[in-house]
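Hi there,

Here is the structure I promised to pass on. Have a look, and my notes follow below.

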Amino acid sequence: MQNMTSFKSLLIILLLMSVPAVYGDNDIDVKLWQDEMSENNGDASDIPTMRIFFPDESKSVHRMILIIPGGLYDKINIETEGLDWVPFFKKMGYTTAVLKYRLPHGNEKVPVADVERAMTILRANVKKWGIKDNGIGMMGFAAGGHLASYMATHYKNEMKPDFQILMYPVITMMDGFANNEARTNLLGDSPKKKTDRNYSSDMHVTRITPRALVMLSDDDPVVSPSNGMNYCNELYRHDVPVSLYVFPTGGHGWGMDEGFDYHIEMELLLKAWLESF
């Protein structure tokens with residue numbers, strides 16, 4: 001098993017070495033699955049990819065962020081909740097990976113499989129890219145926050161992020177509390193309670209869940225602020241370091257939109273949190 005794992009890691013490295021740099025001198029674009037994709041959503045045109053951007057070597061802090069955009073499992077907001085964040089993290093010296101995962105289309109395992117695959121690729125290349133141990137975090141927005149928190153609470157191996165940043169996240173899938181659109185898009189019309197519980201991240205927090213930063217707006221009409229707040233409460237209850245910032249206004253989906261009233265404050269708070277550990 002160990003030899004097979006090493007072979008897969010070597011294969012991933014070789015595949016990445018063969019990818020042309022198309023977004024900058026060293027930035028690369030990666031197709032997650034070279035052969036048959038794990039899990040199937042019935043849409044052959046839905047191809048998961050990951051763009052990886054590197055900071056100036058002299059400014060690198062040897063950490064990486066995997067950004068998972070949102071869209072309530074109906075679309076991928078790849079710009080304001082993905083690519084638009086790259087300059088911010090590059091300036092901070094972070095290597096940044098922006099993930100375009102597949103939509104579930106009736107198979108809730110599909111987007112999770114893509115995040116798993118992305119983490120496998122990133123972990124296999126930490127030495128090559130100069131990323132230090134325990135240096136890969138996840139940043140998720142809305143449904144992307146659900147995926148990030150799912151990985152943070154359901155995994156004990158290298159698939160688990162070392163820290164998590166959740167922006168107005170979907171957390172619960174429990175009927176009556178979840179965002180109905182996200183729940184239906186991910187789990188279908190009538191999921192079993194066991195499935196609801198499995199995909200409710202707040203129900204799976206433990207003492208080894210990685211530290212978290214949660215940001216949201218008090219007037220979010222799409223994803224109830226109680227999602228992020230309840231998650232923070234569970235993290236606090238399990239002695240996991242957590243910071244929560246609730247902005248008075250802003251609604252949902254502001255991402256890197258400079259029109260967000262608290263955009264500057266948001267950036268400063270995020271930067272300060274990242275520099276605190």
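Is Glu275 buried or exposed? Glu275 is exposed, because its relative accessible area is 52% (buried means under 20% relative accessible area, exposed over 50%, and partly exposed in between, with a 1.4 Å probe and protein chains only).

Before the rest, some housekeeping. This is a predicted model, where local features need pLDDT of at least 70, side-chain atom pairs count only at pLDDT 80 or more, and totals for chains, interfaces and linings use all residues. Residues are numbered from 1 along each chain as its sequence is written, and side-chain values use heavy atoms, with hydrogens and water left out.

Salt bridges

Glu275 forms a salt bridge with Lys271 at 2.8 Å, N to O (the term means a side-chain nitrogen of Lys or Arg within 4 Å of a carboxyl oxygen of Asp or Glu). Lys271 is partly exposed at 34% relative accessible area. Searching the whole structure turns up 9 salt bridges.

Asp27 and Lys90 make another, with their closest N and O atoms 3.4 Å apart. Asp27 sits in the loop between helix H1 (2-17) and strand E1 (28-31), and Lys90 in helix H2 (residues 86-91), so the pair ties together parts that are 63 residues apart in sequence. (Helices, H or I with at least four residues, and strands, E with at least two, are DSSP runs numbered from the N terminus.) Asp27 counts as buried at 2% relative accessibility, while Lys90 is partly exposed at 27%.

Then there is Asp162 with Arg123, a salt bridge of 3.1 Å, N to O. Asp162 is in the loop between helix H5 (143-154) and strand E6 (163-167), and Arg123 is in helix H3 (residues 109-124), 39 residues apart. Arg123 counts as buried, at 17% relative accessibility.

Strand E6

In E6, 5 of its 5 residues are buried. Phe163, Ile165 and Met167 point one way, with Gln164 and Leu166 pointing the other. E6 pairs in the parallel sense with strand E5 (residues 136-141) over 5 bridges and with strand E7 (residues 212-217) over 4 bridges (pairing takes at least two DSSP bridges between two strands). Phe141 stands opposite Met167, and Leu166 stands opposite Val214 in E7.

Cheers
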